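Here is a guided walk through one protein model. Keep the sequence and the coordinates side by side as you read.

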Amino acid sequence: MQKIRILFVCLGNICRSPMAEFVMKDLIKKAGLAEYFEIASAATSSEELGNPVYPPARRKLAEHGLDCTGKTARQLTAADYRYYDLLVGMDASNLRNMQRLCGGDPHKKLSLLLDYTARPGSVADPWYTGDFEATWRDVNEGCAALLEQLKQTHPFLH
Ligand code: 4NP
């Protein structure tokens with residue numbers, strides 16, 4: 001069976017999108033659905049390439065028992081657009097950069113994480129606020145809503 005491939009995307013790939021990657025991996029594992037998914041994350045910028053998850057983001061994941069060891073930042077490419085089924089950004093600026101790097105969105109694969117929830121908008125950006133708890137809450141709400149939507153559209157996930 002073809003896996004559902006999801007790529008989470010933010011500016012640096014060291015805070016928000018890795019948090020979404022590891023939260024989503026945990027949600028599907030707890031739901032017994034890990035085998036049906038391939039999940040990863042990437043940056044729109046080249047600023048942090050090769051760097052590990054930012055320590056406060058890593059600590060927030062670890063508080064909840066999630067281990068992001070080994071994840072390093074990488075940049076989104078047009079090949080990712082072809083490979084992944086869904087490319088999920090964190091804010092409107094990400095989405096514009098995703099469209100630029102992917103050469104548009106002819107297959108309607110691009111979306112924003114909180115658009116799957118009842119409160120569309122931006123995932124809280126902890127870069128200047130230092131508020132990783134707000135990011136944790138937004139990412140969890142978004143990933144849970146995304147999984148619910150996928151269950152509705154993919155009956156084999158039941
Ligand atoms: P992220 O956070 O996009 O959530 O990974 C940021 C990381 C790096 C920068 C900005 C935001 N930066 O300006 O380098």
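A salt bridge here is a side-chain nitrogen of Lys or Arg within 4 Å of a carboxyl oxygen of Asp or Glu. This is a predicted model, so local features need pLDDT of at least 70, side-chain atom pairs count only at pLDDT 80 or more, and totals for chains, interfaces and linings use all residues. Residues are numbered from 1 along each chain as its sequence is written, and side-chain values use heavy atoms, with hydrogens and water left out.

Start with the sheet. Helices (H or I, at least four residues) and strands (E, at least two) are DSSP runs, numbered from the N terminus. Two strands pair if DSSP finds at least two bridges between them. Four strands form an open sheet in the order β2-β1-β3-β4, with parallel pairing. The edges are β2 (37-43) and β4 (110-112); each has a single partner strand, so one side of each is left without a neighbour in the sheet. Neighbouring strands are turned by 25° against each other on average, direction ignored.

Now take the pairings. Strand β1 (residues 4-10) and strand β3 (residues 86-89) are parallel and share four bridges. Isoleucine 6 sits opposite leucine 86 in β3. Helix α4 (residues 92-102) packs on the sheet and touches β1, β3 and β4. The direction of α4 makes about 170° with that of β4. Helix α6 (residues 132-153) also packs on the sheet, touching β1, β2 and β3. The direction of α6 makes about 155° with that of β1. Contact means heavy atoms within 4.5 Å. Axes are lines fitted to C-alpha atoms, for helices over the stretch in contact, and angles run from 0 to 180 degrees between N-to-C directions.

Strand β3 also joins β4, in parallel, through three bridges. Leucine 87 stands opposite leucine 110 in β4. How are the faces of β3 covered? Leu86 and Val88 on one side, and Leu87 and Gly89 on the other, are all buried. Buried means under 20% relative accessible area, exposed over 50%, and partly exposed in between (1.4 Å probe, protein chains only). In a regular strand the side chains alternate between the two faces of the sheet.

Next, the charges. The count comes to 10 salt bridges. Glutamate 63 meets lysine 60 at 3.2 Å, N to O. Both lie in helix α2 (residues 55-63); being three residues apart, they are separated by about one helical turn. Glutamate 63 is exposed, at 57% relative accessibility, while lysine 60 is buried at 10%. Lysine 60 has a salt bridge with glutamate 133 as well, at 2.7 Å, N to O. Glutamate 133 lies in α6 and lysine 60 in α2, so this pair ties together parts that are 73 residues apart in sequence.

Glutamate 141 and arginine 119 form a salt bridge at 3.0 Å, N to O. Glutamate 141 is in α6 and arginine 119 in the loop between β4 and α5, so parts 22 residues apart in sequence are tied together. Salt bridges that share partners also join Arg16, Asp91 and Asp125 into one network.

Lysine 3 is in the segment before β1 and is partly exposed at 37% relative accessibility. Beyond its neighbours within four places in sequence, lysine 3 contacts Glu35, Tyr36, Phe37, Glu38 and Asp85. Alanine 31 is in the loop between α1 (16-30) and β2. Alanine 31 and histidine 158 are 127 residues apart in sequence, yet 9.8 Å apart in space, C-alpha to C-alpha.
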